[in-house]
Amino acid sequence: MPTLLLTGFEPFHTHPVNPSAEAAGALDGLEVGGVRVQSALLPVEPHAAAEALRGLLAAHQPDAVLLTGLAAGRPQVTLERVAVNVMDFAIPDNAGQTYRDAPACADAGAPAAYLSTLPLRPILAAWREANIPGDISNTAGLYVCNFVMYHALHQLAGEGRAHVPCGFLHVPANPEVALAVPEDRPALPYLPQSEITRAVRGAVEVLAASLS
């Protein structure tokens, strides 16, 4: 059976949970359109995340890859169009490290950027049909989310598997994340976790259909 690798991230910064992890966990083992979802969590530290991602891609040889993470402050789910070969952290990662103007990948000949190979417009259309607020974003940021999107696409390209659909989906805060914001900070927009999970599942369904 074809496999779709679905990843989320562990909690990070001041967030008590990560809604991408909640969604990935809820969808682990789902079978849709003859495709089985294999979920995994990635650490919020670039080198450990790259190692984990390499292992997952090697072990599962997925037919599609959907990476997800939290973009606290965004009001809706967003599909990322591009990953760039830059790390520039505004906050420390979970190892307490920050990077400034550093390459995400130092391999010789590594391109400046990769474009998502997900069916972006069909996913967006499915969200809108299901009354899920969503859009396409032209920046995945310069934190670990952008890093893993870049590395997944780079590894697939290096293995001659650039045809495998792969890309990143950012989710907004859920209520737990929003409620953890200190009172002296601006309130975060959020969606119920059930809606976040429904959005990720919708993307999975479109991606699975594209494989048939």
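**Active-site residues and a helix pair**

The UniProt annotation "active site", from an unreviewed entry, covers Glu80 and Cys145. Such annotations may be inferred rather than shown by experiment; feature names are shortened and positions follow the numbering used here. The two are spread over 66 residues of sequence. In space they cluster: the largest C-alpha distance is 9.9 Å. From this set, Cys145 is in the lining of the largest cavity. A cavity here is a set of points on a 1 Å grid over the protein atoms alone where a 1.4 Å probe fits but cannot get out, and lining residues have an atom within 4 Å of a point.

A word on the model. It is predicted: local features need pLDDT of at least 70, side-chain atom pairs count only at pLDDT 80 or more, and totals for chains, interfaces and linings use all residues. Residues are numbered from 1 along each chain as its sequence is written, and side-chain values use heavy atoms, without hydrogens and water.

Now Glu80. Glu80 is in strand 5, residues 77-80 (strands are DSSP runs of E, at least two residues; helices are H or I, at least four; both are numbered from the N terminus). Buried or exposed? Glu80 counts as buried because its relative accessibility is 0% (buried means under 20%, with a 1.4 Å probe and protein chains only). Beyond neighbours within four places in sequence, Glu80 contacts residues including Arg74, Ser116, Asn138, Met149 and His170. Contact means heavy atoms within 4.5 Å.

Last, the helices. Helix 2 (residues 46-60) passes helix 4 (residues 144-158) in a right-handed crossing (the near helix is turned clockwise from the far one by less than a right angle).

Notes: Axes fitted to C-alpha atoms, helices over the stretch in contact; angles between N-to-C directions. 1 Å grid on protein atoms, 1.4 Å probe; cavity = no way out; pocket = protein on both sides within 12 Å on 5 of 7 lines; lining within 4 Å. Buried < 20%, exposed > 50% of the residue type's maximum accessible area, 1.4 Å probe, protein only.
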